[in-house]
Amino acid sequence: MMLSFCDARQPRMFPDYSPYGAPHHPRPRMDPTNDVFTCLFGDLFVKCFDDPGGMEHMPHHYRSLDHSPTDGMGCGKARKNKEDKYCGVCGDRALGYNFDAISCESCKAFFRRNAPKGLEYFKCPYEEKCKMDVSNRRFCKRCRLRKCFEIGMRKEYILTDEEKMRKRQRIEENRQRSTGKQTPTECKFRDVERSKMQSMDISSSAAPRLRPLEPEEESAINEIVSAYRQSLEICVESEVSRHHPSMIELVNIAEISVRRVIDMSKKIKSFKALSQADQISLLKGGSIELLIIRSVITFDVDKMQFLDPYDKEKYAMTTDQLKMGQGSGLFDEHMRFVKSLAIDLQADETVLILLLMIALYSPDRPQITDKHYVAEEQERYALLLLRYLESKHPPHVIRWMYPKLLMKLVDIRNLNEEHSQVLLKINPEGIQPLMKEVLDLNAEKNKLAKCENDHNTKIEQHQDQPDQPECMSIC
C-alpha cells in the first residue's frame with residue numbers, strides 16, 4: 001500500500017486534493033508566505049537540512065513522495081508537478097527551496113549576492129512600496145531583499161567558499177561509499193579536492209580567512225596614505241562665499257584641493273622619479289578626475305556635505321550649495337558617482353586613495369613622454385588595491401567589488417568630459433591663476449579666440465573676392 005501526505009490514517013488538511021489522482025476541484029496555488037504552508041514544510045526542510053538521515057526516521061506521513069515506496073505503477077503521478085511551485089518573492093516559476101524558502105533561480109542568485117550586505121546597504125527610490133513581480137523585480141534591490149527575508153529566506157544558509165568545498169567533498173565521499181568502487185576520474189577528483197582543502201587550511205570556525213599584506217605592500221600603501229594626510233595640513237587661504245556659489249566660485253573653492261593633490265604627489269617617490277614635464281602633464285590632464293575622487297573622500301554621508309578633516313566647519317560645502325553652482329544635471333551625475341563609492345561600495349579612505357593614484361598614473365594623458373613607466377605604476381597601484389581588498393574582505397566579496405571599483409575609473413572619465421564642457425562656457429577672468437593653469441582655461445580661451453578670428457578673416461576675404469569658389473574653415 002502506498003503512503004502519501006494524505007494517508008487515510010491521518011486527518012486530511014486538504015480534502016480536495018489527492019496526490020495520486022486528479023483533484024476534485026481546481027486547487028488554488030499555495031502561497032509560500034502562508035503560515036500553514038510554512039508550518040507544514042518549513043520544519044521539514046530544516047530537519048532534512050540538519051540531519052542527512054532524517055528522512056529515514058520520519059513518520060511515513062511526513063516523507064516526501066520521492067521516498068514513498070512504489071510498486072512500479074503510478075511513479076510519475078507520485079511526484080509533485082514542478083509547475084505547482086512559484087517564487088514567493090516575484091511569482092516566477094520555482095524548482096524548490098532556496099535558503100529555507102521557495103524561490104526562483106533569479107531570486108536565489110540575488111539573495112546570495114546581496115543578503116550579506118543587509119537591508120541598510122540599499123535605498124528604495126519609491127518609498128519602499130515596490131510591488132515585486134517578474135517584470136519589475138530588478139528595479140528596487142531593497143524591496144526585493146526585504147521580500148526575500150519576509151518569505152523566510154535565511155542568509156545564514158549562504159555557504160562560504162570553504163563550506164562549498166567541504167560540501168562537494170562530502171558528496172563525493174557519499175557517492176563512493178554508495179557505489180563501493182572508485183573510477184580513476186573519481187580518485188583524481190578526490191585528490192584534487194583534498195589538496196585544495198589542505199592548501200586553504202580551513203579552521204574549525206566559519207570565519208573566512210583573509211590574506212595579510214606583505215611588508216613591501218603595506219609600506220607602499222602607507223606611503224601614499226601618509227602623503228595624503230600630510231597634504232591636508234595646507235591651510236585654506238581664500239574666503240570665497242559658499243552661500244550661493246556660482247560655477248566660477250566653485251572652481252576657486254576647489255583651488256585648495258588642487259594644492260593638496262599637488263603636495264601629495266610631490267611626496268611620492270615614484271612620482272618624483274618622473275620628469276617635471278610628465279609630472280605637470282599628469283596633474284593637468286587628470287585634475288578634474290582627481291578632484292572628483294577627492295570629493296568622495298571628503299564626503300560626509302550623515303551631514304551631506306564635503307569637508308576635509310582639519311578644515312573648519314565654515315569651509316564645508318553642502319550638497320545644496322554644490323547643486324546651485326553645478327546645476328541639476330551635472331550635480332546629479334556627480335552625486336550618483338559619489339554615493340556609488342561612499343554608500344553602495346562603502347569604499348574606505350585607503351581604497352579611495354589607491355583609486356586616486358590609479359587615476360593619476362594614466363599613460364594616455366596628453367604630452368606624456370615616459371608612457372611605459374606611467375603604465376607600470378598604474379598597474380602596480382591596481383594590484384595594490386587588489387591586495388588591500390584581500391586583506392579586508394573574503395574572496396566572494398572581492399570577486400564583485402574589485403571589478404566595480406575599477407569600472408568607476410570609466411565613470412570618472414565620463415564625468416570629466418561633462419565638467420570640461422561646462423568649464424569651457426565660463427569666463428576665466430574671475431578664476432584664480434593656479435586654476436586657470438591647471439584646467440588650461442587660458443589655452444582654451446586663446447584657442448577659441450583664434451578660431452573665431454580665423455573664421456572672421458575667411459569671411460572678409462570671401463566678401464572681397466566674390467568670384468572665388470566658396471571655402472570652409474575648420475577650427
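The model is predicted, and the protein has an average pLDDT of 75. A pLDDT of at least 70 is reached by 68% of the residues.

**Confidence by element and segment**

- Helix 16, made up of residues 349-360, has the highest mean pLDDT among the elements of the protein, at 95.
- The lowest mean pLDDT among the elements, 42, belongs to helix 1, which spans residues 35-50.
- Over residues 200-206 pLDDT stays under 50, and the model has 9 contacts beyond four places in sequence for this segment.
- Residues 466-475 also stay under 50 in pLDDT; for them the model has 4 contacts beyond four places in sequence.

**Helix 13**

- Helix 13 runs over residues 287-297 and is mostly covered, with 11 of its 11 residues buried.
- The buried residues of helix 13 include Ile 288, Leu 290, Leu 291, Ile 292, Ile 293, Val 296 and Ile 297.

**Lys 141**

- Lys 141 is part of helix 5, which covers residues 141-150.
- Lys 141 counts as partly exposed because its relative accessibility is 39%, between the 20% limit for buried and the 50% limit for exposed.
- Beyond its neighbours within four places in sequence, Lys 141 is in contact with Phe 110 and Phe 122.
- Leu 119 is 22 residues from Lys 141 in sequence, and their C-alpha atoms are 8.9 Å apart in space.

Terms used:
Residues are numbered from 1 along each chain as its sequence is written. This is a predicted model: local features need pLDDT of at least 70, side-chain atom pairs count only at pLDDT 80 or more; totals for chains, interfaces and linings use all residues. Side-chain values use heavy atoms; hydrogens and water are left out. pLDDT is the predictor's confidence in each residue, from 0 to 100. Helices (H or I, at least four residues) and strands (E, at least two) are DSSP runs, numbered from the N terminus. Contact means heavy atoms within 4.5 Å. Buried means under 20% relative accessible area, exposed over 50%, partly exposed in between (1.4 Å probe, protein chains only).
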